[in-house]
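Here's a quick briefing to read alongside the model. It starts at the ligand and then moves on to salt bridges, the surface and a few local spots.

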Amino acid sequence: MSEDIKIPDIGDADDVEVVEILASAGDEVGEDDPILVIESDKASMEVPAGIAGKLDSIEVAIGDKVKEGQVIAKVSRAGTDDADSEGDAEDDAEQAADAKADADDHQEHDDQQDDEDQQDDEPDEEASGTETVEVRVPDIGEADNVEVIEVAVKAGDEVGEDDLLVVVESDKASMEIPSTRAGKVVEVHVSEGSAVEEGTLLVTLEASGASSSSAKSEKPKQAEKPKRSEKAKPPEQPKPPEKAERPDTKAQSDSGGAEVYAGPAVRRLARELGVDLRAVTGSGNRGRIVKDDVKAHVKSRLQAGGGAGTAGLPSIPEVDFSKFGEVETQALSRIRARGAENLHRSWLNLPHVTQHDEVDVTDLEDFRASLKREGEERGVKVTPLAFIIKACCHALKEFPTFNASLDKDAKNFILKRYYHIGMAVDTPDGLVVPVIRDADQKGIWALSEEIVELAEKARNKKLGVSDLQGGSFSVSSLGPIGGTGFTPIINAPEVAILGISRVTVRPHWDGNAFVPRKMLPLSLSYDHRAINGAEAGRFVARLGELLADIRRLAL
Ligand code: CAO
């Protein structure tokens, strides 16, 4: 049986706006899970389910005006039968009676408080000149320990009546604390992150238009008299929802001045993600920032990739190089620009480590030389690369996590049962990485043919999309060019790449004498989230064994 979720006691407000809906029909909710966010001109508040169970329906829409007791959703209580429901109904009735009694008590108390305030405030109305006014945390209705999340003023600032001074936030609500008088800020007593409670001194003001020179003595719940004259709650308290129409929002940040219009859940999300809400464009009602805006902001900053200053990185200063000599501006080719984006993304997202080693390929090179005549007859040039790719396939079968990707949350390996090896090719337009499919099933002749074929296609811009997709591991050979080692960047979402440098002849101690051996430098870069150092060391050592004695490739 469905039960109603209702708007709880929200102070003396009777018409507040639904600004965000956080759950939908079918959702399983816990007692404390927020269902929606309501907001008045001064405060926003998450409304929790209050009943754990499955939501049957949401009865309000964004923009609706709601008041205490209004049904906002229907829920089927988790793990109850009808008998329980009856019991619950009785409990509810009792609770409702208690709540009403509480509310009456509060009203009485509030009325008394108002009378006191009225008296306290009377001398102020007669005053003229300047007066020192202390603005304190008002009755915040729930938690006695809330956090200051924004300080909108500093000493020396001139503020108007109702200008925002400080925003405080608890687990469930954020509240703007405005200045109750126009004047000059003498001292700010809190900073962002300060824990405060009812009565904590926030700001001292030199208020204009009053003559008393001594600091106004403050009692908790007493501050300056507002313009309103009707009797209700102590007027100095920033109100919980009071009226639905939201006038100009002045949630200014301490350093900016740009307006921030967002609820507690959004502010919390922004803080968790390190997002400055002043930079976020709100898509909600009247420009209110909603969670999706924060997420879209983060996404666009990440997608900006190479853009200066992204993701909180310090930006590289723009320099006018023409001050130092003649310059020419040349656009990056499309391939180079796309490559730059991919490389940057991989470099930023994957913790790269590179394992260097040297492999004795003397026997491999002798064997390769022996194939020269046959190769000429076949019209195929055999380079070390074909053997290296073959050896990689063997090693990848023995070390499956190298032929894998991590899933989005880096919680699972996606192990690939195919061995499609990407091969970095240097072209005049930039680097491309065509893929040799099922390289493990191909012999040295077939691999050699395909290496030449793909390199030619790459240089003649003849590669199709399918030639560039599906790689599970990559090899980047700078052997023909030179070098003793380098740090290749992983072709994400792959988790490893093997860099090859130039073979050189080196003296090797064979136990009796130094003998000349051909040594091939290997540089394996790996994603340290997926692969640890010992595994990388073993993988490279195994590659060394296979390349040092290529008969093992036949085993
Ligand atoms: N050490 C010494 N000589 C080597 C060698 C090595 N590790 N690897 C290849 N060579 C030799 C070849 O045997 C060949 O010599 P011969 O003509 O005398 O037989 C010569 O160098 C040229 O080889 P190649 O370039 O024609 O063929 P390849 O199979 O070695 O490489 C390809 C093909 C496409 C990978 C390569 O041409 C290429 O573009 N490499 C650049 C890749 C790159 O830019 N990587 C950096 C990316 S950043 O991570």
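The ligand has 22 residues around it, and Thr 383, Arg 459, Ser 476, Ser 477 and Val 503 come nearest; a residue is near a molecule or strand if one of its heavy atoms lies within 4 Å of it. Bear in mind that this is a predicted model, where local features need pLDDT of at least 70 and side-chain atom pairs count only at pLDDT 80 or more, while totals for chains, interfaces and linings use all residues. Residues are numbered from 1 along each chain as its sequence is written, and side-chain values use heavy atoms, with hydrogens and water left out.

**Around the ligand**

- Arg 459 puts a polar side-chain atom 2.8 Å from an oxygen atom of the ligand.
- On its own the ligand has 960 Å² of accessible area, and the protein covers 73% of that; accessible areas come from the Shrake-Rupley method with a 1.4 Å probe, and for residues only the protein chains shown count as cover.
- Helix H7 (384-398), strand E21 (425-427), helix H8 (444-459) and strand E24 (473-477) are the elements that give two or more residues to the shell around the ligand.
- For those labels, helices (H or I, at least four residues) and strands (E, at least two) are DSSP runs, numbered from the N terminus.
- Which element gives the most to the shell around the ligand? That's H8, with 3 residues.
- By class, the shell around the ligand has 12 nonpolar, 5 polar and 5 charged residues; Ala, Val, Leu, Ile, Met, Phe, Trp, Tyr, Cys and Pro count as nonpolar, Asp, Glu, Lys and Arg as charged, and the others, Gly among them, as polar.

**Salt bridges and a polar contact**

- How many salt bridges does the structure hold? There are 21, each being a side-chain nitrogen of Lys or Arg within 4 Å of a carboxyl oxygen of Asp or Glu.
- One of them pairs Arg 517 with Asp 363 at 3.8 Å, N to O. Arg 517 sits in strand E27 (residues 514-527) and Asp 363 in helix H5 (residues 362-370), so this pair ties together parts that are 154 residues apart in sequence.
- Arg 517 is partly exposed at 22% relative accessible area, and Asp 363 is partly exposed at 44%. The cut-offs here are under 20% relative accessible area for buried, over 50% for exposed, and partly exposed in between (1.4 Å probe, protein chains only).
- Asp 360 comes in as well, linked with Asp 363 and Arg 517 in a network of salt bridges.
- Lys 442 and Glu 450 form another salt bridge, with their closest N and O atoms 2.9 Å apart. Lys 442 is partly exposed at 22% relative accessibility, whereas Glu 450 is buried at 17%.
- Asp 157 and Lys 154 meet through their side chains in a salt bridge of 3.3 Å, N to O, and Lys 154 is exposed at 52% relative accessibility.
- Glu 365, in helix H5, is buried at 11% relative accessibility. Its side chain is joined to that of Arg 368 by a polar contact of 2.8 Å; a polar contact is a pair of N or O atoms within 3.5 Å, and within protein one must be able to donate a hydrogen and the other to accept it, with residues adjacent in sequence counting only if both atoms are side-chain atoms.

**On the surface**

- Val 319, Phe 321, Phe 324 and Val 327 make a nonpolar surface patch of about 430 Å². Patches are made of residues with over 30% relative accessible area and no salt bridge, with like charges joined within 9 Å and nonpolar side chains (Val, Leu, Ile, Met, Phe, Trp, Tyr) within 5 Å.
- Phe 324 is found in the loop between helix H3 (291-303) and helix H4 (334-349), and Phe 324 is exposed at 63% relative accessible area.

**Other spots worth a look**

- Helix H2 (residues 264-273) has Pro 264, Ala 265, Val 266, Arg 267, Leu 269 and Ala 270 as its buried residues. Just after H2, Gly 274 takes a positive phi of about 70°.
- Ile 550 lies in the segment after helix H9 (533-548) and is buried at 18% relative accessibility.
- Val 298, in helix H3, is partly exposed at 24% relative accessibility.
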